[in-house]
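Reader: I am new to this structure and would like a close look at a single part of it. Could you take me through the sheet slowly, and then go on to the surroundings of the ligand?

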Amino acid sequence: MASGPNMMAPICLVENNNMQLSVNQRATQILEQISQPVVVVAIVGLYRTGKSYLMNRLAGQNRGFPLGSTVQSKTKGIWMWCVPHPSKPNHTLVLLDTEGLGDVEKGDPKNDSWIFALAVLLCSTFVYNSLGTINHQALEQLHYVTELTELIRTKSSPKEDGTEDSTEFVSFFPDFIWTVRDFTLELKLNDDPITEDEYLENALKLIPGKNPRIQASNLPRECIRHFFPKRKCFVFDRPTNDTKLLANIENIPENQLDPKFQKQANNFCSYIFTQARTKILREGVMITGNRLRTLVVTYVDTINTGAVPCLENAVTTLAQLENSVAVQKAADHYSEQMAQRVRFPTDTLQELLDVHADCEREAIRVFMERSFKDENQEFQKTLVEIIKDKKQHFLQQNEEASVKYCQSMLDQLSKALMENISIGTFSVPGGYKLYRQAKESIEWNYSQVPRKGVKANEVLQNFLQSQASIEKSIWQADKALTDGEKAIAAERASKEAAEKEQEVLRQKLLEQEQQIEAQQRSLQENIAQLKEKMERETENIIKEQNMMLEHKLKVQEDLLKEGFRKKSEEMDEEIRQLKHTIDTTKNNEASWFTQALDRFGSEIISIFASPVRVLDTVVRTVSSIFKKN
Ligand SMILES: Nc1nc2c(ncn2[C@@H]2O[C@H](COP(=O)(O)OP(=O)(O)OP(=O)(O)O)[C@@H](O)[C@H]2O)c(=O)[nH]1
Ligand SMILES: [Mg+2]
């Protein structure tokens with residue numbers, strides 16, 4: 001089973017010393033151990049606004065992330081606390097508490113922007129925390145969101161269709177929650193009661209006018225609406241009016257806080273526990289603790305080289321790492337299962353090949369479950385090669401076990417014969433008949449021994465060959481035989497030898513056929529599972545593109561409703577491009593698959609280096625799979 005977290009207290013994940021970000025190795029070691037999928041909640045906002053306190057509530061603790069009781073900012077860098085998810089079994093809840101933004105004592109404001117961008121990149125639910133109300137000032141303070149277009153890239157190179165890189169942000173951005181603390185207003189609009197979400201939506205409506213101040217607060221509004229797939233708002237009363245208690249809040253039992261605050265905090269927590277999504281990188285790639293580790297390291301390294309974190313590059317890095325692990329796991333699974341299921345020697349080659357086929361199918365499945373974005377199936381091909389070598393080794397082991405067993409059986413069965421030969425029992429008149437009887441009884445007894453394995457005939461054949469000259473000298477010396485009978489004996493001996501040789505040859509041919517058939521099965525299995533995987537991946541791509549389209553249509557519709565016709569029309573081209581991409585993906589799916597599978601099939605054949613007659617099976621295999629659907 002996937003392993004979960006075991007953390008008593010939070011730990012710093014990204015350190016921020018002298019304006020230099022670095023990843024704390026002790027924290028990455030913890031993440032590395034977590035193989036469960038993660039739900040990542042990050043909180044970001046101005047310094048001294050109760051962020052750490054709220055995160056502790058999510059961890060179900062009063063203490064944990066240290067709170068500051070003075071006006072100086074407390075949290076530095078990004079802190080992490082991994083706890084078992086309270087309602088999603090086998091998931092880990094990762095809480096990321098970040099350094100407060102906007103602290104005047106800090107030197108470089110660029111640093112704040114990176115913390116903000118990192119939080120967006122790492123989490124699946126992004127909580128923006130602020131004090132008071134959502135007003136112009138609060139929105140201006142959220143200018144970090146407008147800088148994201150400069151700090152995060154989707155693609156490593158500019159998009160071919162010329163659209164802005166940020167148009168794809170919504171496909172991998174987290175859900176957005178605005179938490180408003182010490183909220184003192186009444187939730188009413190024109191005297192009608194409104195929900196918290198309506199309050200946020202209203203605050204995010206664009207304000208008409210050219211006034212620079214209005215423009216400055218409109219930009220974050222637009223960015224929030226465009227970038228984040230989902231929005232939500234929670235307002236909180238002041239936890240208590242007693243300032244002494246407030247300063248010491250981590251030591252106050254929950255039931256001594258304002259009941260309204262208690263309720264609001266519980267609402268917030270239960271929303272997170274039930275609604276916050278598992279972190280998905282893109283196209284359905286599920287993030288585990290271990291994968292999150294790779295993301296943090298990759299992003300922080302990129303920032304430190306002076307470059308901008310790029311989603312596409314992160315996916316590639318992650319895929320390279322994960323796919324080699326997938327190959328390893330699959331190969332191990334194959335070896336383990338073969339060792340467990342095969343008893344050497346197997347009765348026939350086919351018996352071993354059948355077990356091989358089962359184990360290989362499972363191994364490919366293990367690989368498919370873990371791997372993603374295996375460009376040109378480089379990793380799958382490696383797995384084919386590894387399994388081919390391992391299979392070869394098992395075949396050899398099987399032959400050796402068979403030879404050893406058959407040899408020891410024959411040695412036992414022929415012991416008396418050999419003794420009689422050496423003491424001259426057959427060197428008497430009528431000795432040839434006796435010898436024949438003894439030899440035939442050995443052959444009969446040998447044929448009755450079960451599970452001799454693939455080398456049974458060959459070992460017997462060798463034994464009989466070694467007896468040929470002995471047999472000849474016995475009949476030649478046997479005085480009881482007439483010349484005619486000797487001639488018949490000679491003829492019989494050579495006929496028998498030829499028959500036995502034929503039998504060994506027939507078996508070899510049959511086994512060759514079985515080997516070829518096994519390779520075809522292997523090819524078929526690889527292609528079938530690859531096709532399944534490609535279908536799933538394409539389905540995820542289309543799902544993601546449709547989600548983007550739906551979101552953009554909604555943003556466009558809202559703009560129109562709010563009277564921003566020009567802005568709404570500006571989205572036309574972007575939406576047209578996206579629709580075109582979706583159509584292309586759908587229309588070309590079948591031909592992409594055929595091309596990819598054909599190429600992959602030919603490559604596997606060359607790995608097997610089989611006889612020419614197998615070559616055209618790729619085409620047949622691919623087309624038969626397509627016909628089935
Ligand atoms: N007014 C008010 N104070 C709070 C609230 N929650 C916590 N506090 C107090 O505010 C102070 C700062 O709380 P923290 O949770 O450390 O705030 P923070 O945003 O993490 O601060 P930094 O890490 O410095 O950015 C502490 O003294 C808390 O007791 C709240 O909802 N309202
Ligand atoms: Mg804090």
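**The sheet and what lies around it**

Author: Strand 1 and strand 2 pair in the antiparallel sense, over 4 bridges. Two strands are said to pair if DSSP finds at least two bridges between them. Strands (E, at least two residues) and helices (H or I, at least four) are DSSP runs, numbered from the N terminus. The model is predicted, so local features need pLDDT of at least 70 and side-chain atom pairs pLDDT 80 or more, while totals for chains, interfaces and linings use all residues. Residues are numbered from 1 along each chain as its sequence is written, chains are lettered from A and ligands numbered from 1 in the order in which they are written, and side-chain values use heavy atoms, without hydrogens and water.

Within this pair, Asn16 has Leu21 of strand 2 as its bridge partner. The two strands make a hairpin with 2 residues between them. In the turn, Asn18 has a positive phi of about 45°.

Strands of a sheet pair through backbone hydrogen bonds, either parallel or antiparallel. Here the sheet is open and has 8 strands in the order 2-1-4-5-3-6-7-10, with mixed pairing. Strand 2 (20-23) and strand 10 (231-235) are the edge strands, each pairing on one side only. From one strand to the next the twist averages 20°. Such angles run from 0 to 180 degrees between N-to-C directions, and the axes are lines fitted to C-alpha atoms, for helices over the stretch in contact.

Elsewhere in the order, strand 3 (residues 38-45) and strand 5 (residues 92-98) pair in the parallel sense over 6 bridges. Val39 stands opposite Leu93 in strand 5.

Helix 1 (residues 25-33) lies across strand 1 (11-17), strand 2 and strand 4 (78-84), and runs at about 145° to strand 1. Helix 6 (residues 196-203) lies across strand 7 (175-181) and strand 10, running at about 115° to strand 10.

Next comes the ligand. Around ligand 1 there are 21 residues, of which the closest are Ser52, Lys74, Thr75, Asp182 and Leu246. A residue is near a molecule if one of its heavy atoms lies within 4 Å of it. Polar contacts are pairs of N or O atoms within 3.5 Å; within protein, one must be able to donate a hydrogen and the other to accept it, and residues adjacent in sequence count only if both atoms are side-chain atoms. An oxygen atom of ligand 1 lies 3.0 Å from a polar backbone atom of Thr49. For Ser52, the distance from a ligand 1 oxygen atom to an N or O atom in the side chain is 2.8 Å. A polar backbone atom of Tyr53 is 2.9 Å from an oxygen atom of ligand 1. The protein buries 93% of the 650 Å² that ligand 1 exposes when taken alone. These areas come from the Shrake-Rupley method with a 1.4 Å probe; for residues, only the protein chains shown count as cover. Helix 2 (51-58) and helix 8 (243-247) are the elements that give two or more residues to the shell. Helix 2 gives the most, with 3 residues.

How values were computed:
Contact = heavy atoms within 4.5 Å.
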